[in-house]
Amino acid sequence: MLNRRHIRVKVMQTIYAFKGGESDDFSPNQKFLLFSIDNMYNLYLLLISLLIEVQKRAEEDLQKKQKKHLATQEDKNPNRKFVNNELLLQLKENLQLKNQLDTHKIAYWSLDAEYVDVIFKAITTSDLYKTYLQTKTSDFKQDKEFIIDIFKDVIAPNEKLYEYIEDKNLTWLDDLPTINTTILKLLRKVKPSNPDNYFVPKLYKDTEDKQFAIDLFKKTLLNKTSLNKEIELKTQNWDSDRIANVDFVLLQMAICELKNFPSIPVKVTINEYLEIAKEYSTPKSSVFINGILDKLVKEYEENGTLNKIGRGLV
């Protein structure tokens, strides 16, 4: 579910918040780093379970209408297309997903049902929903396309949901685009018959990615003095107050990665930090960071200190 750029962003945020020096105990910060990464999975479970809760809410709505004292013919014989959406039922009946929701104690929607109502109303008043209900029958392909469109155009951009997520966990705001993208990828690839673990993706691609997060965090902090010295030598004509704090952290991490992670290609490292700078720092940050890293890489190559293993890593 996570790629290395997401991991780098989490490491950047944790280092940015760290106020100590090389000799200080940063184990609590490392625990927070891993916790904040693990907590992304809870956000995934929260949002994927929202689809299940909306289906339940639709079922309840139909039952209430049928029990009305003056129920209309439409109330008595409603269009059950949304309630019977094959993709929603697949989610609802997925036992491994249910186990994960129970294990991680994702019961937010039972406590905050008004937000399920908000999303349900947003869906049922949308043009997508009205078009979808023009017929009473559909197949899995149509059901899937409808849920993808609803998630992308109605659920993901909903401001009330955004405010709710912000209120629940501030770190989730930065995670939201990643999780939304993950859910859309899963929805687009889903088939009528999937293994039970389909909607239970791994947080890390492998154990190496988790170790990468720990190593990048620790090595950057443990080499803070030498990294700062390299940055200062290349920014002598810059007023230190003019260098954004985020840029300084990104440079520390990038230089650390260039020097201490021999299996990661130089171009990958530089491109990753430039993209992060574009998203998290000032408009000119990527140009500034690129200039510093370019000078350093040329020096390392001339001095023979750029130790990279394997083909195409430089």
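These are my notebook entries on a predicted model of one protein chain.

**Entry 1: the whole chain**

I began with the overall fold. The protein chain has 16 helices and zero strands. Next I looked up the radius of gyration, which is 24 Å, well over the 20 Å that the globule rule gives for 314 residues, so the chain is more spread out than a compact globule. Along the principal axes, the C-alpha atoms fill a box of roughly 85 × 40 × 35 Å.

Then I turned to burial and surface. Of the 314 residues, 48% are buried. The accessible surface comes to about 17,100 Å², and carbon and sulfur atoms account for 49% of that. I also checked how far apart in sequence the contacting residues sit: among contacts between residues at least 6 apart, 81% join residues at least 24 apart.

**Entry 2: the nonpolar core**

Which residues have the most contacts inside the largest nonpolar core? I found Tyr44, Phe82, Leu97, Ile123, Ile155, Leu161 and Phe199, in a core of 98 residues. Helix 2 gives the most to this core, with 17 residues. As a friendly reminder to myself, nonpolar side chains tend to be buried together in soluble globular proteins.

Beyond its neighbours within four places in sequence, leucine 97 is in contact with Leu45, Ile48, Ile52, Leu91, Phe199 and Val200. One of these partners, Phe199, is itself on the list of residues with the most contacts in the core.

Serine 36 lies in helix 2, which covers residues 27-66. Is serine 36 buried or exposed? Its relative accessible area is 4%, and because the cut-off for buried is under 20%, serine 36 counts as buried. A polar atom of its side chain lies 2.8 Å from the backbone oxygen of leucine 33. Not counting residues up to four places away in sequence, serine 36 touches Lys10 and Asp175. I also noted a separation of 8.6 Å between the C-alpha atoms of serine 36 and tryptophan 172, which are 136 residues apart along the chain.

What does its side chain meet? I found a polar contact of 2.8 Å joining the side chains of aspartate 175 and lysine 10. Leaving aside neighbours within four places in sequence, the contacts of aspartate 175 are Lys10, Ser36, Met40 and Leu43.

**Entry 3: helix 14**

I looked up helix 14, residues 245-260, next. Its 16 residues reach 22 Å from first C-alpha to last, close to the 22 Å expected at 1.5 Å a residue. How many of its residues are buried? The count is 12 of 16, so I noted helix 14 as mostly covered. Among the buried ones are Val249, Leu250, Met253 and Ile255, and also Asp247, Gln252 and Glu257. The cover over these buried residues includes helix 1 (4-17), helix 12 (207-222), helix 13 (224-234), helix 15 (266-280) and helix 16 (285-303).

**Entry 4: lysine 105**

My last stop was a loop. Lysine 105 is found between helix 5 (95-103) and helix 6 (108-111). Its phi is positive, about 55 degrees, although lysine 105 is not a glycine. At 70% relative accessibility, lysine 105 counts as exposed.

Key. Residues numbered from 1 in each chain as written. Predicted model: local features only at pLDDT ≥ 70, side-chain atom pairs only at ≥ 80, totals over all residues. Heavy atoms only, no water. Helix = DSSP H or I, 4+ residues; strand = E, 2+ residues; numbered from the N terminus. Expected span 1.5 Å × (residues − 1). Buried < 20%, exposed > 50% of the residue type's maximum accessible area, 1.4 Å probe, protein only. Contact = heavy atoms within 4.5 Å. Polar contact = N/O pair within 3.5 Å; in protein donor to acceptor, adjacent residues only side chain to side chain. Core = buried A, V, L, I, M, F, W, Y, C linked by side-chain atoms within 4.5 Å. Rg over C-alpha atoms; globule rule 2.2 N^0.38 Å. Areas by Shrake-Rupley, 256 points an atom, 1.4 Å probe, with all protein chains shown as cover.
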